[in-house]
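Me: I am new to this structure and would like to learn how to read its features one at a time. Could you take me through a few of them, giving the general idea before each case?

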Amino acid sequence: QRGQAGDARRAAGDACDVRRVLRVLLLLAVTLLWSAGFYVTFPYVAPLVAAQLGQGSDTAAMLFLIQGIMGFAGNVAATRAVSPFGAYRTGIATASAMFVGALCWAFAHDSIWLMVAGSICWGLGTASTNSMIQARLVSLVPAVASAAVALNTSWLYVGQAGGSWIGAELLAADLFAGMGPTSAVLMGAALVLMIASRERRFNA
């Protein structure tokens, strides 16, 4: 009986480890997808503005400024929200902001106001989404927290490189209208995986 009880405990522990690994992999996939979606458009805002609005670098600089200001505001808001709402719910909110921002860019075309709205949403979600993912990784695998954060950063760079490559290909083919929708698809997928990474989904 003692042997059976020990085997049951080990089996339960193994099952918990598998669920933990699955959640870590999901969060890393979220990082890859949202960073790729962001970098499909972000590095090419200036040529995108020139092609769709016929405006110059001043407009692009304004959009970058808006995004930077809102990035600071988003980080402050996420830092205050994480204590009462937790990293999961706060991460859902920030990832949703990223997705809404991508939708704004997808439908912007010749609308400067949708581009401004997209920049605001991206600013609110960009840095804070990554912070929430890192917080969840640390809580999932505290024994190897530094390795988990480093791995997340590596996937962030992979997503940046992949997204920039996709954006460059669209830019070279004069497919400016495809940048926003591509970002929206990738960020939508990231949001779906973020939702799927909820702890309760792995406890059943």
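Reply: Let us start with two terms: buried means under 20% relative accessible area, exposed over 50%, and partly exposed in between, with a 1.4 Å probe and protein chains only, while helices (H or I, at least four residues) and strands (E, at least two) are DSSP runs numbered from the N terminus. This is a predicted model, in which local features need pLDDT of at least 70, side-chain atom pairs count only at pLDDT 80 or more, and totals for chains, interfaces and linings use all residues. Residues are numbered from 1 along each chain as its sequence is written, and side-chain values use heavy atoms, with hydrogens and water left out.

Me: Which residues are buried in helix α2?

Reply: An α-helix has 3.6 residues a turn, so residues three or four places apart point the same way. In α2, which covers residues 45-53, the buried ones are V45, L48, V49, Q52 and L53. They line one face of the helix, because they fall within an arc of 100° seen down its axis, the arc being that of the directions from the helix axis to the C-beta atoms. After α2 comes G54, with a positive phi near 70°.

Me: Is C104 buried or exposed?

Reply: C104, which lies in helix α3 (residues 57-108), counts as buried because its relative accessibility is 12%. Beyond its neighbours within four places in sequence, C104 is in contact (heavy atoms within 4.5 Å) with L114, A117 and G118.

Me: How many disulfides are there?

Reply: A disulfide is a pair of cysteine sulfur atoms within 2.5 Å, and by this rule the count is zero. C104 is in no disulfide, the nearest cysteine sulfur being that of C121, 5.0 Å away.
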